[in-house]
Amino acid sequence: MTAVSVVGAEPEAGTPVLDARLVVDLGTFRLDIALRIRAGEVVALLGPNGAGKTTALRTLAGLTPLSTGHITLGGQDLDRPDNRRWTPTERRPIGVVFQDYLLFPHLSALDNVAFGLRRHGLDRRQARQRAGEWLDRMDLAAQSRRKPRQLSGGQAQRVALARALAVNPALLLLDEPLAALDARTRLDTRAGLQHHLTEHPGATLLVTHDPLDALVLADRLVIVEDGHVVQEGDATTITARPRTDYVARLVGLNLYRGHADGHTVRIGADFSLTTAEQHAGEVFVAFPPSAVALHPHRPDGSPRNTWPATITGIQRHGDNLRIQLTGPIDVAADITPAAAAHLHLTPGQPLWPAVKAAETRAYPAATT
Ligand SMILES: Nc1ncnc2c1ncn2[C@@H]1O[C@H](COP(=O)(O)OP(=O)(O)OP(=O)(O)O)[C@@H](O)[C@H]1O
């Protein structure tokens, strides 16, 4: 099917479609983030609970007003409080897939998709025809007459996606689009969603707290904590060089901030790590839990990074066990069940973690 633009011209690939600075004051919480998304680009807004992701999505959709800042889409100001400019939700060239889809329960799948098209000016026949084509494209032709309650979770998600995409929005907003699905359906639906996002010529913002969704679906990640962007970039850079504890946990790394002098990084008053790279000044040091070996006594031929620690937690982690330890630094170590049995691990037990300098990564803490 050829995509016919209902909402203005097709954006040119590579040009910024969305340019926004979102500032929202909600009592004691303040969101203040800048977002730019190019045509065809999928950006994931990722962050812990309460970071401000939903608030950002609601301001873009016109459901929560900006306190200050602006939302410019395809070169047009949708919101600019300083100029008293605000565009009602239904007049925005934006498609939204809400977490629980918000399908109209009394309308068939076909009419749910046609509804948005009619609101954008198509007559009933045209709207139903276009809706039928979209359902076909989503592999839902056989379900087009069903009401939402007669659809599986994955099917309902695809109807919601068809409804949002059918109007060819300049900006597609996805709010935790896979959160309502069970693990198996999630896997299939994620693959389908990835395919449709690749084909969407407009900008896409995906709001999620699932790192896997973000890594699989997005070209770029914007990480928010407490209303602010703490890191942004492609998945490779972010996974290699996390800059906050939240991001480090997300990508499964131990992360420390310290002061480097050559190969030595001082962390806190009485502790330092030896790193493979040399630096001077403020740095982050990161290493994976799999790089941490655990010894019952101080290891002989002592690797330079070893210290006394105490077990605070033991959890399953895939085929291995993840051991949390406290000491001069807190650290997570992944070891095999066989190694754990050999060490007779119990909470409170003293151990010596050891990490080779070659397994560490050090990088400047200053953002340039
Ligand atoms: N209407 C409101 N009035 C006052 N505070 C609010 C309002 N809506 C949200 N907040 C607060 O704003 C902060 C951000 O909430 P938001 O829902 O945007 O976070 P989130 O990142 O989407 O979190 P989650 O992943 O839990 O959905 C929270 O501290 C929340 O309590």
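Q: Which 3 strands form an open sheet, and in what order?
A: Strands of a sheet pair through backbone hydrogen bonds, either parallel or antiparallel. Here the order is S11-S12-S19, with antiparallel pairing. Strand S11 (254-266) and strand S19 (361-364) are the edge strands, each pairing on one side only. On average, neighbouring strands of this sheet are turned by 40 degrees against each other, direction ignored; the axes behind that angle are lines fitted to C-alpha atoms. Strands are DSSP runs of E with at least two residues, and helices are runs of H or I with at least four, numbered from the N terminus. Two strands pair if DSSP finds at least two bridges between them.

Q: What kind of model is this, and how are residues numbered?
A: This is a predicted model, in which local features need pLDDT of at least 70 and side-chain atom pairs count only at pLDDT 80 or more, while totals for chains, interfaces and linings use all residues. Numbering starts from 1 along each chain as its sequence is written.

Q: Over how many bridges do S12 and S19 pair?
A: Strand S12 (residues 272-287) and S19 pair over 4 bridges, in the antiparallel sense. Opposite Val283 stands Pro364 in S19.

Q: Which strand forms a hairpin with S15?
A: S16 does, with 2 residues between the two strands; Gly318 in the turn has a positive phi of about 60 degrees. S15 and strand S16 (residues 320-326) pair in the antiparallel sense over 7 bridges, and Gly313 has Gln324 in S16 as its bridge partner. Strand S15 (residues 309-317) also pairs with strand S18 (residues 350-355), antiparallel over 2 bridges. There, Ala309 stands opposite Leu351.

Q: How many of the residues of H1 are buried?
A: An α-helix has 3.6 residues a turn, so residues three or four places apart point the same way. A residue is buried if 20 or more other C-beta atoms, placed from the backbone, lie within 10 Å of its own; with 12 or fewer it is exposed, and in between partly exposed. In H1, 7 of the 9 residues are buried, among them Lys53, Thr55 and Leu57. Gly62 follows H1 and has a positive phi, near 85 degrees.

Q: Which helix gives the most to the shell around the ligand?
A: Helix H1 (residues 53-61) does, with 3 residues. The residues surrounding the ligand include Phe29, Asn49, Lys53, Thr54, Thr55 and His209.

Methods:
A residue is near a molecule or strand if its C-beta atom, placed from the backbone, lies within 6 Å of it. Axes are lines fitted to C-alpha atoms, for helices over the stretch in contact, and angles run from 0 to 180 degrees between N-to-C directions.
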